Amino acid sequence: MSTVICNICERREAFFFRPYSGDKLCRKCFTMSIKNKVRATIAKYNMLEYDDRIAIAVSGGKDSLSLLHVLARIERNFPKASLVAVSIDEGITGYRDEAIKMAAEKCKELGVAHHIVSFKELYGYTQDEIVTRRKREEKTELTPCAYCGVLRRKALNIAAREMKADKVATAHTLDDETQTILLNILHGDPLRIARQKPLTDDVHPKLVQRIKPFCEIPERETALYAYIKKIRFQDMPCPYASEAMRNDIRLFLNRMEHKHAGTKFTVFKSIEKIRPAIGRMVRKEELTECVKCGEPTTGEICKTCEMLQQLKML
Ligand code: SF4
Ligand code: ZN
Ligand code: ZN
């Protein structure tokens with residue numbers, strides 16, 4: 001069998017075929033292409049300033065550890081920029097502890113300061129306790145992930161602010177973004193798409209701007225990046241993971257991508273074209289401070305306080 005040569009360097013053996021571009025890449029050109037794509041995404045959406053302090057949300061999974069690795073490399077070229085990693089410990093027994101250990105190891109190796117914030121210290125309860133209370137109070141119309149997502153977003157903002165970060169980077173991939181787009185449509189809430197920008201534009205002195213430098217990188221490629229760079233990550237699923245509809249959408253998009261390479265990009269780019277128009281249809285709500293906790297919110301009390309109050313945990 002003849003050896004296939006990388007079509008970028010035209011020297012080394014190719015080991016990865018990128019169906020949506022037709023490229024056959026060697027390991028080196030593949031990892032280089034990920035860094036270049038992330039640089040291009042950052043530039044395209046004006047995600048960063050040359051002297052930003054960036055907090056990276058690191059869960060310990062493949063996407064966030066790959067993002068940490070890529071941004072640590074890119075940051076070397078920006079002496080005035082700085083990086084810090086933030087992990088949120090939701091308090092999920094037998095799951096998050098191991099992931100945080102892996103995140104800590106990687107941060108140490110890369111020389112990036114690592115800050116851990118737990119639900120327990122911030123809210124007084126772990127996610128395990130919230131899930132138990134949710135059952136007891138029979139508030140089962142919301143999934144465990146619905147609570148966790150809201151509480152984690154707030155925790156991340158607080159942690160990034162404490163670390164004096166200008167931006168908080170999350171490792172949402174092209175797959176996450178396209179799944180969320182379709183989920184919003186299938187849930188009958190398409191206007192939510194306006195808020196899921198690669199660079200958020202809500203302005204409040206207590207709100208750290210969020211960026212998604214991996215929004216144009218397929219998940220398959222973040223996994224491959226982690227594999228090539230020998231990054232140890234947690235791949236065990238969370239015991240509460242239950243988003244049945246997201247899983248169906250994931251399968252559907254993967255099947256479409258397999259049959260019609262580039263489908264995920266097409267979905268993402270189509271939405272990027274109409275996102276400003278969707279944004280104009282949404283009434284821009286003023287951000288104020290929650291009367292209970294003082295964090296930014298559009299209502300009188302923030303979503304976190306509302307959820308905890310309903311569970312009689314506030
Ligand atoms: Fe939280 Fe759900 Fe993710 Fe588990 S799967 S960490 S409960 S959002
Ligand atoms: Zn090559
Ligand atoms: Zn609040």
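**Exercise 1.** Find which residues coordinate the zinc ion (ligand 3) in this predicted model, and work out what arrangement the donor atoms make.

*Solution.* Start with the donors: the SG atoms of Cys-290, Cys-293, Cys-302 and Cys-305 coordinate the zinc ion (ligand 3), at 2.2 to 2.3 Å. Then check the angles. Four donors count as tetrahedral if all angles lie between 85 and 135 degrees. Here the 4 donor atoms subtend angles of 104 to 116°, so the arrangement is tetrahedral.

**Exercise 2.** Decide whether Cys-290 and Cys-293 are buried or partly exposed.

*Solution.* Buried means under 20% relative accessible area, and partly exposed lies between that and the exposed range, over 50%. Cys-290 has 4% relative accessibility, so Cys-290 is buried. Cys-293 has a relative accessible area of 30%, so Cys-293 is partly exposed.

**Exercise 3.** Explain which parts of the chain the salt bridge between Glu-216 and Lys-44 ties together.

*Solution.* First, the contact: the two side chains, Glu-216 and Lys-44, meet at 2.7 Å, N to O. Now place each partner. Glu-216 sits in the loop between strand E7 (209–211) and helix H8 (219–228), and Lys-44 belongs to helix H1 (residues 27–44), so the pair ties together parts 172 residues apart in sequence. Finally, Glu-216 is buried, with a relative accessible area of 10%.

**Exercise 4.** Find which residues join Lys-197 and Asp-201 in one network.

*Solution.* Begin with the salt bridge between Asp-201 and Lys-197, at 2.5 Å, N to O. Then follow the shared partners: salt bridges join Lys-197, Asp-201, Asp-202 and Lys-284 into one network.

Definitions and conventions
Residues are numbered from 1 along each chain as its sequence is written. Chains are lettered from A and ligands numbered from 1 in the order in which they are written. This is a predicted model: local features need pLDDT of at least 70, side-chain atom pairs count only at pLDDT 80 or more; totals for chains, interfaces and linings use all residues. Side-chain values use heavy atoms; hydrogens and water are left out. Donors are N, O and S atoms within 2.8 Å of the metal (3.2 Å for Na, K and Ca); water is not among the atoms, so sites may look incomplete. Four donors count as tetrahedral if all angles lie between 85 and 135 degrees; four count as square planar and six as octahedral if opposite donors are over 155 degrees apart and all others between 65 and 115; anything else is irregular. Buried means under 20% relative accessible area, exposed over 50%, partly exposed in between (1.4 Å probe, protein chains only). A salt bridge is a side-chain nitrogen of Lys or Arg within 4 Å of a carboxyl oxygen of Asp or Glu. Helices (H or I, at least four residues) and strands (E, at least two) are DSSP runs, numbered from the N terminus.
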